[in-house]
Amino acid sequence: MPELLLAELVNKQQLKKDLFKFSIKAPNIVKNSKPGNFVEIRVSEQTEPFLRRPISIYNLDRENGILEFIFQVKGKGTEILSKKEVGSSIDVVGPLGYGTFKYEEYQNIAIIGGGIGIFPLYELAKCAKNNNKNVNTYIGFRNQELVVLEEEFKQVSNNLVLTTDDGSYGKKGFAINFLEEDINKEKIDSIFACGPLPMLKAVQKLAAEKNIPCQISLEEKMACGLGVCLGCAVKTASSPKDSPEYLHVCKAGPVFNSKDVEI
Amino acid sequence: MQNPGVEYFAQNDLPFLRSFDTAIIVNACGSSIDEYVELCKILNTLDIDGVELNLSCPNVKEGCMAFGNTYEGVKKVTEEVRKVLDKPLFVKLTPNVTDIASIAKAVEDAGADGVSLINTLLGMKIDIDKKRPVLANNTGGLSGPAIKPVAVRMVYQVSQAVNIPILGMGGIVNGDDAIEFMLAGAQAISIGAGNFIDPYTSVKTVIGIEDYMKKYNIDDINNIVGTVQMN
Ligand SMILES: Cc1cc2nc3c(=O)[nH]c(=O)nc-3n(C[C@H](O)[C@H](O)[C@H](O)COP(=O)(O)OP(=O)(O)OC[C@H]3O[C@@H](n4cnc5c(N)ncnc54)[C@H](O)[C@@H]3O)c2cc1C
Ligand SMILES: Cc1cc2nc3c(=O)[nH]c(=O)nc-3n(C[C@H](O)[C@H](O)[C@H](O)COP(=O)(O)O)c2cc1C
Ligand code: FES
C-alpha cells in the first residue's frame with residue numbers, strides 16, 4: 001500500500017547545475033519499495049503547481065530508512081523542489097507502480113540506461129549485484145558534460161560500459177551497440193532498460209530479435225500516479241488496431257515486459 | 001471511454017464499494033441514446049443508489065458531448081433514461097455551452113432528480129519548444145482550482161433557473177471551496193482532481209465545512225444553500 005508522508009529532507013546534493021539528489025527519511029516507504037518503483041511529490045502546499053510530480057527511486061537505504069531520488073530541473077515543479085532545504089519536509093506518496101524490475105530468476109543480466117533514465121536502474125543493479133548476479137551495465141549520455149554517477153554504477157556492476165554519443169568521454173556511440181556486442185560473450189539472459197523513447201524502442205527490438213526477456217521502464221505524463229485518472233495510458237502490444245486496449249504506466253508499470261507494450 | 005464496462009463493474013468493483021457505509025452513485029456515459037438506455041436498464045437492476053448521466057466528456061472523440069450541448073438533446077436523452085430508471089437520476093452538464101441555465105432546465109423538464117455541474121472545461125496546452133499541443137488528443141478536459149470561478153458562477157446561474165437539487169463541483173480542494181459552492185446554490189458537492197494531490201482531500205473538506213459551521217453558529221448546513229446575497 002502506498003503511503004502519504006511528510007518526509008524529512010536529511011541530505012541534499014547538487015550533482016550538476018540542474019541535477020539534484022535528495023535523501024528523505026521514509027522508513028515505511030523504503031520497507032515496501034522494490035527496484036523500479038517511483039514516488040509522487042507535491043512540491044507546494046498551495047494549489048499551484050497543482051499536480052504531484054512523479055520521480056523514480058534511485059536508492060533505498062534499508063538500514064536507515066532513507067529513500068534517495070535524483071531529479072533534473074525541468075519546469076516549475078522541479079524548480080520549486082530544488083529549492084527545498086535540508087530539514088524541511090517533502091510531501092511524498094509512495095511506493096507507486098505494481099510493475100517493478102524482476103531480476104531474481106536471471107543470472108547474467110544487462111542493465112541499459114540513457115540520460116536521466118539511468119536513475120531507477122541503480123537500485124536494481126545494487127540488488128542484483130548483492131544477490132550474486134552478473135551485472136553488465138551500459139549507460140549512455142549525449143556528451144561528457146552530462147555524465148553522472150559513473151563511480152556509483154561501477155560499484156554495483158561487474159562490468160560497466162559508459163558511452164557518449166559524441167565520444168567526448170567513455171566509449172563513442174550508443175550504449176545499445178555495446179550491449180549488442182556483449183550479448184553472446186556475456187551470455188546475457190535478460191535486459192532491463194530505462195531511458196529516452198528511441199533507446200527503449202531499439203532495446204525492445206534487439207530483445208525480440210535475440211529472444212531475450214526484457215523489461216523496460218516507461219515514462220508518461222501523470223496526473224494522479226494511482227491508476228485513477230487514466231491519463232498515463234500505453235497501448236498493449238496484443239490489442240487489435242481498430243480497438244486499442246490500454247495499460248496504465250503508473251499502475252501496471254512503470255516497468256513492463258517489453259513484449260507487452262507498443263511504444 | 002477508457003473503462004472496462006458495466007459487467008466488469010458489477011462483478012468486480014461494486015462488491016468492493018459496497019463494503020463501505022456510503023451511497024454509490026454511478027456515472028454513466030454512452031455514445032448514442034440507445035446506449036444510454038441500455039446501460040441504465042442494467043444499472044437499474046444493480047445494488048446502487050443512483051445514476052449520474054455524463055453528457056459531457058470532452059476526452060472522447062465522438063462522445064457524449066453532442067448530447068450535452070442543446071436543450072433538446074439533453075431533454076431527449078434524459079427522458080428516455082427516466083423511462084427505464086427507477087433510481088435517483090442526476091444529469092451532469094458540460095460547461096462548454098453558451099447558456100448553462102437553459103440546459104439545466106432541460107434536465108428538470110425531463111424529470112431528473114438533480115443536476116450535476118460542472119464537468120471539465122475544454123482546454124489546450126502548447127509545448128512552445130516543440131510547437132505542438134502537449135496532449136495526445138490535442139485538447140482535453142481542464143479541471144482543478146483553475147476552473148472553480150467558472151463552476152461557482154454556473155452553479156449560481158443554474159440555481160436561479162431550476163428547483164431540483166444541484167451537485168456542485170469544479171476545483172474544490174477544501175472546506176472553504178465547498179462552502180462557496182453551497183452559498184451559490186449547491187446542495188451537495190463532489191471532488192475530482194483534488195483527490196489526485198491528496199487522498200485525504202475529501203476528509204479535510206468535511207472538517208473544513210464543520211469549522212465554518214462552528215465559526216458562524218450554523219446547526220444545519222442546508223441552511224446556507226443558495227444564501228449568497230448579490231451585490
Ligand atoms: C514514472 C516516472 C519516473 C520519473 N522519474 C524521474 C526521475 O527519477 N528523475 C527526473 O528528473 N525525472 C523523472 N521523471 C520526469 C519528471 O516527472 C518530470 O520531469 C517532472 O514532472 C517535470 O515537472 P516540472 O513541474 O518541473 O515541469 P513542467 O513541464 O512544468 O511539468 C508540467 C506537467 O507535466 C508533467 N510532466 C512534465 N514532464 C514529464 C515527464 N517527463 N514525465 C511525466 N510527467 C511529466 C508534470 O508532472 C506536470 O504535471 C519521471 C517521470 C515518470 C512518469
Ligand atoms: C481525469 C479525469 C477523469 C474524469 N472522468 C469523468 C467521467 O468519467 N465522468 C464524468 O462525468 N466526469 C469526469 N471528470 C470530470 C470531473 O468529475 C469533474 O466534473 C471535473 O473535473 C471538475 O471537478 P474537479 O475540479 O473537482 O475535478 C473527470 C475529470 C478528470 C480530471
Ligand atoms: S497517472 Fe493517473 S492513471 Fe496513471
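Predicted model: local features only at pLDDT ≥ 70, side-chain atom pairs only at ≥ 80, totals over all residues.
Colleague: In the open sheet of chain B, which strands stand at the edges?
Modeller: Six strands of chain B make up this open sheet, and their pairing is parallel. Their order is β1-β2-β3-β4-β9-β10. A strand at the edge pairs on one side only, and in chain B this applies to β1 (25–28) and β10 (188–189).

Colleague: Which residue of β2(B) is the bridge partner of B:Ile25?
Modeller: Strand β2 of chain B spans residues 50–54 and runs parallel to β1(B). Four bridges join the two strands. In β2(B), the residue bridged to B:Ile25 is B:Gly50.

Colleague: At about what angle to β2(B) does helix α2 of chain B run?
Modeller: Helix α2 of chain B comprises residues 33–45 and lies across β1 and β2 of chain B. These two strands are themselves parallel. Relative to β2(B), the helix runs at about 165°.

Colleague: Between which chains does ligand 2 lie, and which residues come nearest?
Modeller: Ligand 2 is placed between chains A and B. There are 17 residues around ligand 2. The nearest of these are B:Asn27, B:Lys92, B:Gly144, B:Gly171 and B:Ala193.

Colleague: How many charged residues does the shell around ligand 2 have?
Modeller: By class, this shell has seven nonpolar and nine polar residues. The charged class in the shell around ligand 2 holds one residue.

Colleague: Which residues are closest to ligand 1?
Modeller: The surroundings of ligand 1 consist of 19 residues. By class they divide into eight nonpolar, five polar and six charged. The closest are A:Pro54, A:Gln72, A:Gly77, A:Thr78 and A:Glu219.

Colleague: Which element gives the most to the shell around ligand 1?
Modeller: Elements of chain A that each supply at least two residues of this shell are β4 (53–56), β6 (66–72) and α2 (76–82). One element contributes four residues, the most to the shell, and that element is β4(A).

Colleague: What share of the area that ligand 1 exposes alone does the protein bury?
Modeller: An oxygen atom of ligand 1 is 2.6 Å from a polar backbone atom of A:Pro54. Nitrogen atoms of the ligand also take part: one is 2.9 Å from a polar side-chain atom of A:Ser56, and one is 2.6 Å from an N or O atom in the side chain of A:Glu219. Taken alone, ligand 1 exposes 830 Å², and the share buried by the protein is 84%.

Colleague: Why is one side of β15 and of β17 in chain A left without a neighbour in the sheet?
Modeller: Three strands of chain A form an open antiparallel sheet in the order β15-β14-β17. Because β15 (246–248) and β17 (261–262) stand at its edges, each has a single partner strand.

Colleague: Which residue of β17(A) is the bridge partner of A:Thr236?
Modeller: Strand β14 of chain A covers residues 233–236 and pairs with β17(A) in the antiparallel sense over two bridges. In β17(A), the partner of A:Thr236 is A:Val261.

How values were computed. Residues numbered from 1 in each chain as written. Chains lettered and ligands numbered in written order. Heavy atoms only, no water. Pairing = 2+ DSSP bridges. Contact = heavy atoms within 4.5 Å. Axes fitted to C-alpha atoms, helices over the stretch in contact; angles between N-to-C directions. Near = heavy atom within 4 Å. Nonpolar A, V, L, I, M, F, W, Y, C, P; charged D, E, K, R; others polar. Polar contact = N/O pair within 3.5 Å; in protein donor to acceptor, adjacent residues only side chain to side chain. Areas by Shrake-Rupley, 256 points an atom, 1.4 Å probe, with all protein chains shown as cover.
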